[in-house]
Amino acid sequence: MLKNKRILVTGACGTVGSKLVGMLLENSYGASEVIGLDNDESGLFFLEQQFLHDRRACFFLADIRDKDKLRRKLQGINVVFHAAAFKHVILCERSPFEAVQTNINGVQNIIYAACENKVEKVIFTSSDKAVNPTNVMGTTKLMGERLMTAANSNFHGDGPIFASTRFGNVLGSNGSVVPIFHKQIAKGGPVTLTHPEMTRFVMSIEQAVRLVIDSAALAQGGDVFITKMPVIRIKDLAEVMIRELSLPYGYNPMDIDIIEIGTKPGEKLYEELMSHEEMRRAVELPRYFSVLPAFRGIYRDIKYDYTEMITDKISNPYNSSNEEPLTQDELLIFLKENDLLVPIDHIGQQPDKRYWPGEED
């Protein structure tokens, strides 16, 4: 589907965006050009240096808040992967106006530019926090999904196919708990845990990018794709990482404490990837669930005939409190398979604390 296509990736400097750019260029997808957009000047410079040898790669400074810039950059583009967003829950809670500008208006601008330029497909990267949202970030992601679905149902004639992908927690991504635990263990602890009963869906960066690319192939319009993924207890993650990393960092595992710091504002004890309402209009595929639009389309009659559908009768809402978490042995295998337990000398700007302003006092 991507062969000889011009592909544009927004948020190209982010964890998922940069990995997506790399996979599109380095694997045998056959894209004729991959264009990366980001407003991170330094990150874009380093990403460009990484792919200087590949003439198919082009990178530009751009902000998804700039509708006119997007309209120009999407000229002649076939497929858009929209990964640019504000993703940190606490920062969005403190600055909801900024979150709206990027996570909602930015999606609207992508839709506008894609329709103007007759792009073939647009894939929006969403979040598990969009399901029954309890925070600003999740709410903006839900609105992004709804905008994509509405754009698909309202377009006349031959226009873009709009679809969304819904991520779990991408372990090892910037700002995620794994690099924070790494740095805390490297300093001899303590490791900070928000709540001992907290569970999360998890996926590797490679799985997240695979979901995005597969969604482009599977998308029929307005659908939301969800990867089947394992559940972990965050406490188990902390204990496994302490056990495996303490000695390489020069400490006795018994000397590294775990302290509870309480949940963050708007944070759930469990995460949801599919709500009760969505369950009634979801179908199961071998590796994914697909949530079909509540409104099937004003001007388009879409059949949603996936080639490998297992069932259209989903009986269990997909949330981490309903799923059996990985054992610590299974979690250890997952971490090793995804190179998340390799001691590293430099962990960038990752903090070694997970407090939020005012809370530590």
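Which residues of α9 are buried? I started there, keeping in mind that the model is predicted.

**Helix α9.** I listed the buried residues of α9 as Ile234, Asp236, Leu237, Ala238, Val240, Met241, Ile242 and Leu245. I then looked up what these buried residues pack against. The helices are α7 (177–186) and α11 (328–337). The strands are β8 (191–193), β9 (199–203), β11 (231–233) and β12 (258–260). I also checked the length of α9, which runs over residues 234–245. Twelve residues at 1.5 Å each should span 16 Å, and the end C-alpha atoms are 16 Å apart, so the two agree.

**Cysteines.** I looked for disulfides and found zero. Cys58 is in none, as the nearest cysteine sulfur, that of Cys13, lies 14 Å away. Cys58 counts as partly exposed because its relative accessibility is 22%, and buried requires under 20%. Cys92 is in no disulfide either; its nearest cysteine sulfur, again that of Cys13, is 18 Å away. Cys92 is buried, at a relative accessible area of 3%.

**Whole chain.** I noted eleven helices and 14 strands in the protein chain. Its radius of gyration is 20 Å, close to the 21 Å from the globule rule for 361 residues, so the chain is as compact as a globular protein of that length. The C-alpha trace spans about 65 × 50 × 40 Å along its principal axes. I put buried residues at 53% of the 361. Of the contacts with a separation of 6 or more, 80% join residues 24 or more positions apart. The chain exposes about 16700 Å², and carbon and sulfur atoms supply 49% of that area.

Notes:
Residues numbered from 1 in each chain as written. Predicted model: local features only at pLDDT ≥ 70, side-chain atom pairs only at ≥ 80, totals over all residues. Heavy atoms only, no water. Helix = DSSP H or I, 4+ residues; strand = E, 2+ residues; numbered from the N terminus. Expected span 1.5 Å × (residues − 1). Buried < 20%, exposed > 50% of the residue type's maximum accessible area, 1.4 Å probe, protein only. Contact = heavy atoms within 4.5 Å. Disulfide = S-S within 2.5 Å. Rg over C-alpha atoms; globule rule 2.2 N^0.38 Å. Areas by Shrake-Rupley, 256 points an atom, 1.4 Å probe, with all protein chains shown as cover.
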